[in-house]
Amino acid sequence: MKKFKKINAPYLGFILLALFTIACKTEKKQEKQAEPVQKESNVIEVVTRSMDFQTVDTLKSGWNTFAYKNLSGEAHFFIMDKLPSDSIVESDITDHLLPPFEEGMKYLIEEKADSAMAAFGSIPAWFNDVKRYGGTGLISPGETAVSTIKLVPGKYMMECYVKALNGEWHTSHGMWKFITVVDEATNVSPVEADHKISVSSTEGYTFEGQPKSGKNRFKVNFIDQVPHEHFSGHDVNLMKYDATANIDSLVYWMNWMNPTGLRTPTPKGFTFLGGMNNCETGETGYFEVDLDAGNYILISETPKADEKGMLKTFVVNNN
Ligand SMILES: [Cu+2]
């Protein structure tokens with residue numbers, strides 16, 4: 001879910017669109033096709049086969065490394081939304097959170113703005129207090145994203161809010177899952193990074209590295225975190241692109257508020273290789289990726305990423 005504070009009437013339409021992320025239909029979530037797997041010490045496997053997250057229900061706090069395998073036909077990511085209360089259960093979402101979203105959405109479609117406002121007035125107050133603790137960047141079908149993030153104890157919602165071909169949010173198709181982070185820390189320390197990326201709302205990306213072919217580890221420092229025009233924050237996504245790619249089309253696509261933004265199909269010529277999803281101000285996340293020779297781009301899932309300096313390209317040469 002995206003995070004909204006101080007809702008202003010002029011932005012209602014946009015906010016309602018955002019809320020649609022969790023204004024789910026009552027679609028049944030996908031049956032798990034495999035037991036949760038923690039393959040090796042401290043590496044948490046997450047698998048998506050359709051609109052699902054197959055992974056553990058419980059994690060230790062502190063640093064955790066995730067290997068997110070996208071075995072589906074669409075691009076996804078995951079972000080760890082920390083809920084403000086451990087006592088939030090599925091019925092709080094299905095019985096109390098979703099109905100006002102669904103009702104409000106109907107009124108919006110009927111252009112009954114006052115009724116929509118009234119419906120949204122019954123959204124649980126905790127919705128505004130969700131915090132983000134990172135995750136992966138966007139990852140293409142068949143690829144695996146590896147991210148290391150630091151989690152504090154509490155109850156989380158792992159989610160993906162990419163949109164399907166029909167424009168509906170993946171979240172609404174069941175792509176969310178509660179995960180409890182217990183008050184017992186891992187013994188994981190992040191592996192030293194090869195490259196540092198600093199992200200801020202004022203300076204954009206600061207990145208001077210020269211990635212080489214082979215494994216590259218990136219450290220992402222969130223100097224700040226603020227809501228942008230799309231009511232969400234900034235992050236880092238790494239993509240490889242070929243001669244058919246158009247970076248302007250990617251910039252457009254990386255704004256979910258655009259009709260075909262953050263929606264299947266993805267822009268031609270780009271392969272999404274993960275990255276680091278939104279973290280709070282002062283937090284740090286790591287991701288690693290094997291690179292071969294070619295053209296790459298780092299870009300935020302944020303409107304006007306180019307104008308904000310949240311877009312950097314680099315070239316990897318054969319060693
Ligand atoms: Cu998804």
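These are my notes on a few things I looked up in this structure.

**Overview.** I am working from a predicted model. I looked up the secondary structure and found four helices and 15 strands in the chain. I then checked burial, and 40% of the 319 residues count as buried. For contacts I took those with a separation of 6 or more, and 71% of them are between residues 24 or more positions apart.

**Asp-52.** Is Asp-52 buried or exposed? I counted 24 other C-beta atoms within 10 Å of Asp-52, and the cut-off for buried is 20 or more, so Asp-52 is buried. I also checked its distance to Glu-159. The C-alpha atoms of Asp-52 and Glu-159 are 9.3 Å apart, while 107 residues separate the two in sequence.

**Partners of β5.** I looked up which strands pair with β5. One of them is β2, which runs antiparallel to β5 and is joined to it by eight bridges. As an example I noted Asn-64, whose bridge partner in β5 is Ile-149. Another is β13, residues 284-291, also antiparallel to β5, with three bridges between them. Here I noted Val-146, whose bridge partner in β13 is Glu-288.

Key: Residues numbered from 1 in each chain as written. Predicted model: local features only at pLDDT ≥ 70, side-chain atom pairs only at ≥ 80, totals over all residues. Helix = DSSP H or I, 4+ residues; strand = E, 2+ residues; numbered from the N terminus. Buried ≥ 20, exposed ≤ 12 C-beta atoms within 10 Å, placed from the backbone. Contact = placed C-beta atoms within 7 Å. Pairing = 2+ DSSP bridges.
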